[in-house]
Amino acid sequence: MSKKQIPEVDIVVDEKAGVIREVKQATRSKSGHERRVNTSIYIILVIMSIIWLAPFVFLVFQSFRSYKLESGGMVDYLLPKNGWSLDNYRFLFEGSNFFPWWGTTLLIAALCAAVLTLATVMIKRLGSENRHMKTLLTVLALVVGYGLFIALMVRLLGLAVSAEIAGKLVLSALLLLIAGYIVARFYLKQDSRLLRSIPGYEKEKTSDVVKKVIALFAEFAVIFAILACILKPMTASQYLNWYGNTLTVALFTAVIQTVIVLSVSYALSRLRFRGRKLIMNVVLVLGMFPGFLTMITLYFLLKQLGLTQSGAIPGMILIYCASSGMGYYISKGFFDTIPKSLDESARIDGATRFQVFLKIIMPLAKPIVIYTILMAFMAPWGDYVFASYIAFGSEPNFNVAVGLYRWVNVNDYQGYFTRFCAGGVLVALPITALFLALQKYYVEGVTGGAVKG
Amino acid sequence: MTDLEYLKLSKPAKLIFRIHQFFKNLPGMAWNGLKGLGLAIARLFGGLGKSVADLVTTFKDGDWKTRLSYLIMGFGSAARGQWGRGLLFFLFQTVFNVYMFMPNAAFSGCYYLGKLSTLGTVETYKEGRRTVYGDNSFFILLYGVLTIFFILAFIYTWRLNVKQNRISEQILKSGHRLKSTRDDVKSLADEQFHKTLLALPTLGVLIFTALPILFMILVAFTNFDSTHQPPGKLFTWVGWDNFHTLLSTDTASYGNTFSQVLLWTLIWAFFATFLNYFLGMLVAIMINKKGIKLKKMWRTILVMTIAIPQFVSLLYVSKMFAADGLINGALMRWGWISSPLPFWTDPHWARVTIIVINVWIGIPYLMLIATGILMNIPADLYESARIDGANAFQMYQKITLPYMLFVTGPYLLTSFTGNINNFNVIFLLSGGKPLSLELSGNAGYTDLLITWLYKMTVNDTNYKLAAVMGILVFVVTAVINLIVYNMIPSVKNEEDFQ
């Protein structure tokens, strides 16, 4: 056998002993070939990266071209000629007294979140012997943190405290406390004994401060969205309204849809009951009909309930969540891979099915929970069709997709192109950051779903 | 042909044989399907007969509590101490009765049911300046369907109520204790946990998906369009006319346009699926190759197109390729072309542009999926192949590709049907344009069935044809699913991977 036919193996023969001494890979000429291959791969990857990122970079560039001094429409050059300006961004917030407290609230929320996170981390370090102390400190930290938040909010809003607004604030404070309690439980709860007894269950390392900041920050964002709903501000360019609408819809959808999807997929995966196959087949058949077919019917159904135009936001939440049970496939696939013996041993120990679901499967299903939340949260940001149909003609109730689509594709809005770019950048930034932060879970969900079909 | 002969065939011959076999088996399959349907119907009637017989015997053998339950639902349960169940049954019956026979006869279930056959006869008319509203066909149809749902649910519940009595009687006779309401509530977290989990989602799907779909299927058989729009006008049943309008090739019909749009839809779905599949796999292989550094960075860069909401990225890209957009502008400034390239105005250019841009959107998904699977391929397979002297392409052809295809077979199918319904890419990029006089019904050269459906609903308010189109999309999807599932050898057993 000549050497060419065994390209990557080099055989060194010891002449004296007459035996093969060494079989080693890749001689010098071989590694040269390897290097060439790698270089060409690098070149391809760099070109691809440029193609992939270019539109986004262009988008950012064009968003800095002033629509006042230069041209707000589409032009055939990329970089602004009259210098970089923030006019487009300014326009988005123009005429609103909304920005000061939107911006500052987020800053304050970030601050409070950081303080709280630090506090919880410190409290956790205390060790398990002084548990009462820990609880006390947690409650204290929560009260201080949320108190700070509310106080600053009220101060900065400069609210003349009428009875109505005071009532609303008390309500939101209550919501805050409940949310805070849940968060505290979530962070400080010891893993249950049952869980630790399961072989192979790894106790989750909770040293990841960044993750907690994100979670807490999200919580403040929820509260902020609630406040924003209650105190509904009007803005001149409506952009912030759209943004707030989308955020509200996305947050509610994320929560409700996740609960629904997880319940359905858990029931179909782990429980055996009459009609299970029937449900799966019916969902399969219903899923083959195109979604837009039902648009008119849904519109009239919602109209009957008063959930169109001015009630479009709850309407959208309802639409996104009502049928979300049909998207159970990926998480069912995940539940299918968790060994059944876990359930059985817990059942023998006397746990009810509900307890099994909550205490055993849910902690193990963390990746898929996060995946579901991520998907449910991201979907409303991109939905144009239903949102435009439901909110038809009622501009304050658009979501960002509908509003921005009109800025580029409706002729009345000539010269809004750069403002679309600016608005798009502001939408894309937080979503992209969130996505990249949780990328790992997304990959897990997508690959799992593809493999299991 | 024996198995041995089959194995001797070459790859294409095998495929041809398989397809041939499929079509040869088609009549058999159809016959089996019919037989299955017949059996199911027979079983249904058998079950019905049994039910009726059971009802009679229950009535004959039962005590007075049971007999009264035939009239007042839940009475038996309540009288035997299961007041929770009894109350629920009774509540359901009350709601049903109120809905069906509301004192205000104009809006009861019976009213809608009675009008369902004509969809309303009283026209809306003007009396001086005042508009007097007649029947509203839309609500008659919608609530008529809802009423039928409700009646079926009622019959089922009533039957359940009777059965409950019989079972209770038997349990009491054998000297056991009946479940109390407390037990019932408790069992909702345990034996009956699936009911707790599924109740709300099922209700949501029934009202917001199943009911609208059924409604639209029925609309396909009416003349509900812009000239028959309630509440001003009535619409009525027209039978198969709409299917005829959409499918026949008369000059006034949409048949030619439909076949063109369908063809493009299939071509699009084919390219969108397979081009992305192979290119994505290629990219994944390149990134995963040993010795390539910064793997995570390359992946993150590509994944950006998934992360950024499509309405931002696709709208921007579509404007980039427009006649007065960046790309044409740059090319003209550099003097490479004298007039803008017709990216969105020429049918062929538009179609190719869309497919290419979709690669930009689609590769990252496939890259992520392929990365996960590629890592699972045992490394010793490649090792031994290398020792046997295989080159990179042979290894790809003999190891990577079969493995990928086997594992992602079902995914390819869902992705193909998903692309048939891929609304966003077409709508945001071209909006179906370029339009043409050769196509009827406002369709453009890049319209998919689904975007055409959208246009019909929103722009033309031609609901009847939109409904027909929806049904046809369903048929296309279902047929493709059926064929492919019969061709894929590994129709997976659900319990396999548990």
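Helices are DSSP runs of H or I with at least four residues, and strands are runs of E with at least two, both numbered from the N terminus. The model is predicted: local features need pLDDT of at least 70, side-chain atom pairs count only at pLDDT 80 or more, and totals for chains, interfaces and linings use all residues. Residues are numbered from 1 along each chain as its sequence is written, with chains lettered from A in the order in which they are written.

**Exercise 1.** State what secondary structure chain B has, and whether chain B is spread out or compact.

*Solution.* 
- Step 1. Chain B has 20 helices and two strands.
- Step 2. Its radius of gyration, taken over C-alpha atoms, is 31 Å.

**Exercise 2.** Describe the side of chain A that touches chain B.

*Solution.* 
- Step 1. Count residues in contact (C-beta atoms, placed from the backbone, within 7 Å). Chain A gives 75 and chain B gives 78.
- Step 2. Find the main contributor on chain A. Helix 1 (residues 28–63) gives the most, with twelve residues.

**Exercise 3.** Find which residues of chain B Met469(B) touches.

*Solution.* 
- Step 1. Leave out residues up to four places away in sequence.
- Step 2. Met469(B) then touches Leu246(B), Leu449(B), Trp452(B), Leu453(B) and Met456(B).

Conventions: The radius of gyration is taken over C-alpha atoms; the globule rule is 2.2 Å times the number of residues to the power 0.38. Two residues are in contact if their C-beta atoms, placed from the backbone, lie within 7 Å. Ala, Val, Leu, Ile, Met, Phe, Trp, Tyr, Cys and Pro count as nonpolar, Asp, Glu, Lys and Arg as charged, and the others, Gly among them, as polar.
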